[in-house]
Amino acid sequence: MKALILVGGFGTRLRPLTLSRPKPLVEFGNKPMILHQIEALSEAGAKHIILAVSYLSDMLETELKVQEEKLGIKITMSHEEVPLGTAGPLALAKKWLSEDDDPFFVLNSDISCDFPFKEMIDFHRKHGKEGTIVVTKVEEPSKYGVVVYDTNCKIESFVEKPQEFVSNKINAGLYIFNPAILDRIELKPTSIEKEVFPNMAQDDELYAFELKGFWMDVGQPKDFLTGMCLYLTHLRNTAAEKLAEGPGIVGNVLVDPSAKIGANCRIGPNVTIGPGVVIEDGTCIKRSTVLKETRIKSHAWIESSIIGWKCVVGQWVRMENVSVLGEDVIVQDELYVNGGRILPHKSIGSSVADPQIIM
Amino acid sequence: MMLKGVILIGGPQKGTRFRPLSLELPKPLFPVAGYPMVYHHIEACSRVPDLKEILLIGFYQPSESLTRFIQETSQQFKLPIRYLQEYTSLGTAGGLYHFRDQILSGSPDSFFVFNADVYCDFPLNEMLEFHQSLSSNTRFTMLATQATRQQSVNFGCLVEDKKTHEVRHYVEKPQTFVSTTINCGTYLLSNDVFKYIAEVFQKQQDELFNGSMDTLTYNRDTIRLEQDVLAPLAGTGKLYAYTTTRFWSQIKSAGSAIYANRHCLELYHKYHPERLSKNGEGKPKIIGDVFIHPSAIVDSTATLGPNVTVGVGVCVGPGVRVRESILLAGSKLEDHCCILHSIVGWNSTVGAWSRVEGTPCDPNPNAPFTKIEGDTLFKNDGRLNPSITILGRNVTVPAEIIILNSIVLPYKEITFSVKNQILL
């Protein structure tokens with residue numbers, strides 16, 4: 001089987017992290033975001049994974065070479081010269097996707113969930129039609145485009161930001177299609193959601209698969225953190241041995257074995273600590289991600305923040321409210337950072353009392 | 001020769017800008033660098049060999065704290081100190097006049113008068129020397145200092161004769177610029193000042209009884225030393241200015257208490273080096289000038305300073321950071337909390353990993369003679385001016401929150417983070 005991952009552009013929503021490395025390589029739960037998907041696809045039997053990218057990155061290619069060997073699969077880059085939207089990349093990758101009659105997966109790269117690829121295949125084969133969309137339940141459907149389908153899961157229509165309740169299921173950004181779908185798509189910028197799916201629904205060719213577990217679009221910092229909490233909870237239920245235990249660890253905490261945590265700290269709940277990170281004594285971290293080789297000095301207090309690679313956070317620093325530090329940022333002692341987005345290689349010498357971007 | 005010192009300590013209706021810290025303790029007893037404001041005046045008086053008695057005049061009800069302070073300080077300096085209570089607010093000269101017999105008892109040659117709400121490295125002996133060098137017997141010396149042109153209008157402004165130092169002109173808080181030389185609110189007066197106060201008193205009483213004074217809007221008892229008595233003496237050859245360049249600041253707002261605290265600690269290098277904490281094995285880390293009361297318990301892993309005063313019985317936990325702040329008696333700081341530019345009230349508690357932070361409102365250090373701003377609480381648009389953070393008495397701050405640029409009134413239990421607010 002094959003899979004197409006829609007990676008797209010520069011990941012501007014996840015800046016300043018994506019100023020240092022391509023979004024697929026930003027670690028989510030101590031693993032590059034794209035690897036969560038590649039590994040799950042490989043496990044479900046995918047042998048050829050195509051990444052639709054609109055930029056070229058040596059860093060990304062090198063990493064994917066490593067994964068190719070490790071997993072014994074083929075990974076291809078499909079490079080868009082102009083951004084082709086969410087459907088155009090399928091046309092661009094047609095030569096690979098139509099090699100045989102097997103259905104193939106398509107997924108948005110920002111999705112974190114317990115990928116149900118095997119169940120999707122079964123479901124898809126059972127109804128035998130052209131496409132399956134994974135749908136997930138949301139609390140406030142009026143913020144999204146919802147999917148309306150019948151009791152047999154056959155999709156009837158799509159309603160964008162419904163004012164009155166019609167459904168609480170939204171498109172989760174995971175699909176499985178028969179190669180026949182490629183006849184519907186031209187090689188030009190096209191939206192699969194707006195221009196392809198409605199026609200397929202009209203032709204009774206589209207079914208909805210309900211996702212059981214957690215789901216989150218982690219393409220921006222706030223949702224990245226929410227998604228991380230869901231992911232750690234998922235780990236607790238499925239692979240609790242991966243989570244850290246011990247004095248000072250509270251709730252679901254993921255700590256790389258090479259990280260060092262000092263005395264009298266309180267780490268958690270919902271914290272991810274990357275490789276080579278040093279957490280000095282008396283530090284409190286909650287609902288945050290600390291990336292590779294960063295140092296958090298004594299008595300700091302960090303909540304709901306993403307600390308980039310190779311950063312130094314000073315003593316008695318307080319950081320909260322979705323602050324994001326880019327790579328190699330230094331926050332000097334005793335500062336307060338409230339919702340600050342700090343660009344890479346910056347040294348911060350005064351507090352950021354209100355949410356703002358520090359160039 | 002015999003001298004006396006009179007300290008005007010005001011009363012509960014005064015010092016409102018110092019709330020909420022003055023709600024329960026007379027403001028003159030508020031500690032600066034570990035000792036009540038007026039203690040520093042008394043100590044300065046004790047360095048004048050011929051000064052034999054100190055009188056505190058004000059309209060506070062006698063209280064245990066005031067009585068105990070007077071007793072202890074009197075014993076320490078072996079100087080009689082008495083509190084004379086006005087029946088109402090009589091004004092700076094009215095209070096002196098009302099208690100003139102007490103002041104004149106024992107026939108002092110002259111007497112110092114202090115406003116309690118200033119902190120100054122008082123040059124009293126120098127002032128006395130200057131005073132005695134004046135030829136006239138009826139002589140009044142006013143301590144003066146320099147201010148910026150812009151800020152001078154917030155003070156009493158005086159114009160002096162450069163040679164003789166006679167005050168040629170005096171005006172209180174003028175609307176337009178008059179002079180950068182300002183009145184420090186400290187005087188050395190010869191006894192016949194009462195003759196001039198009596199004249200003002202008589203005139204006011206006459207006006208009262210012949211009906212020319214509006215008794216509804218005018219307090220019949222109030223006589224102001226600056227405007228009513230000294231200003232008319234300018235240019236008569238009786239009023240002189242002794243100008244100092246030593247530290248001087250008013251303590252009107254709580255923010256100025258932190259400013260005064262810093263300078264007072266700095267002066268401890270000169271007068272009381274033993275009061276300043278030093279670094280050492282098993283002791284907390286000290287940066288710059290820090291005063292820790294001997295009864296306070298400070299964990300060895302805490303870091304204090306610069307400019308920190310730790311009061312009686314304060315408990316500072318492991319990993320705590322305190323900078324530019326005053327911790328009042330009985331307050332408790334739990335592990336890893338961080339206190340910056342703040343005053344932590346009596347018996348208040350700050351929880352683990354919490355942050356209590358204010359905005360410094362110090363005068364610009366690069367402009368000479370700049371004073372601390374008149375600091376109103378609110379801007380013209382009604383928004384709160386960023387200020388130091390003040391926790392009133394018995395305030396509880398839970399763990400892991402932030403209190404930023406806020407004033408918390410006494411006995412308040414805070415449950416969530418607070419920024420730029422006054423919490424009633």
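Q: Which residues of chain A does the UniProt annotation "domain: Mannose-1-phosphate guanyltransferase C-terminal" cover?
A: The model is a predicted one. The annotation comes from an unreviewed UniProt entry.

Q: What are the helix and strand contents of residues 249-358 of chain A?
A: The end C-alpha atoms of this span are 32 Å apart. Its content is 0% helix and 43% strand.

Q: Which residues of chain A does UniProt list for "domain: Nucleotidyl transferase", and how far apart are the end C-alpha atoms of that span?
A: The record, again an unreviewed entry, lists residues 2-231 of chain A. This span is 29% helix and 27% strand. Its end C-alpha atoms lie 25 Å apart.

Q: How far apart are the C-alpha centres of domain 1 of chain B and domain 2 of chain B?
A: In chain B, domain 1 takes in 3-250 and domain 2 takes in 280-423. The distance between their C-alpha centres is 32 Å.

Q: What area do domain 1 of chain B and domain 2 of chain B bury between them?
A: The size of an interface is often given as the accessible area lost when the parts come together. Here 21 residues of domain 1 of chain B are in contact with 23 residues of domain 2 of chain B. Carbon and sulfur atoms carry 68% of the buried area. The area buried between the two domains is about 1,700 Å².

Q: Which element gives the most to the side of domain 1 of chain B that touches domain 2 of chain B?
A: The elements giving two or more residues to this side are β8 (140-146) and β13 (248-250) of chain B. The residues of this side divide into twelve nonpolar, seven polar and two charged. With three residues, the element that gives the most is β13(B).

Q: Which three residues supply 48% of the area that chain A buries against chain B?
A: The contact between the chains takes 19 residues from chain A and 18 residues from chain B. Together the chains bury about 1,400 Å², 47% of it on carbon and sulfur atoms. On the chain A side, 48% of the buried area, more than any other three residues supply, comes from W316(A), R318(A) and E334(A).

Q: Which residue of chain B forms a salt bridge with E334(A)?
A: Four salt bridges are counted between chain A and chain B. In the one that involves E334(A), the closest N and O atoms are 2.6 Å apart. The partner is R323(B).

Q: Which elements give two or more residues to the side of chain A that touches chain B?
A: Between the chains, 15 residue pairs are in polar contact, both residues being at pLDDT 80 or more. The chain A side has eight nonpolar, six polar and five charged residues. The elements are β17 (284-286), β23 (318-320) and β26 (336-338) of chain A.

Q: Which residue has a side chain joined to that of D117(B) by a polar contact of 3.0 Å?
A: D117(B) sits in the loop between β6 (110-115) and β7 (118-120) of chain B. Leaving aside neighbours within four places in sequence, D117(B) is in contact with K27(B), M37(B), S249(B), Q250(B), I251(B) and K252(B). The polar contact of 3.0 Å joins its side chain to that of K252(B).

Methods. Residues are numbered from 1 along each chain as its sequence is written. Chains are lettered from A and ligands numbered from 1 in the order in which they are written. This is a predicted model: local features need pLDDT of at least 70, side-chain atom pairs count only at pLDDT 80 or more; totals for chains, interfaces and linings use all residues. Side-chain values use heavy atoms; hydrogens and water are left out. UniProt positions are given in the numbering used here, feature names are shortened, and annotations may be inferred rather than shown by experiment. Helices (H or I, at least four residues) and strands (E, at least two) are DSSP runs, numbered from the N terminus. Domain bounds come from an automatic or database domain assignment. Contact means heavy atoms within 4.5 Å. Buried area is the accessible area (1.4 Å probe) that two parts lose on being put together, summed over both. Ala, Val, Leu, Ile, Met, Phe, Trp, Tyr, Cys and Pro count as nonpolar, Asp, Glu, Lys and Arg as charged, and the others, Gly among them, as polar. A salt bridge is a side-chain nitrogen of Lys or Arg within 4 Å of a carboxyl oxygen of Asp or Glu. A polar contact is a pair of N or O atoms within 3.5 Å; within protein, one must be able to donate a hydrogen and the other to accept it, and residues adjacent in sequence count only if both atoms are side-chain atoms.
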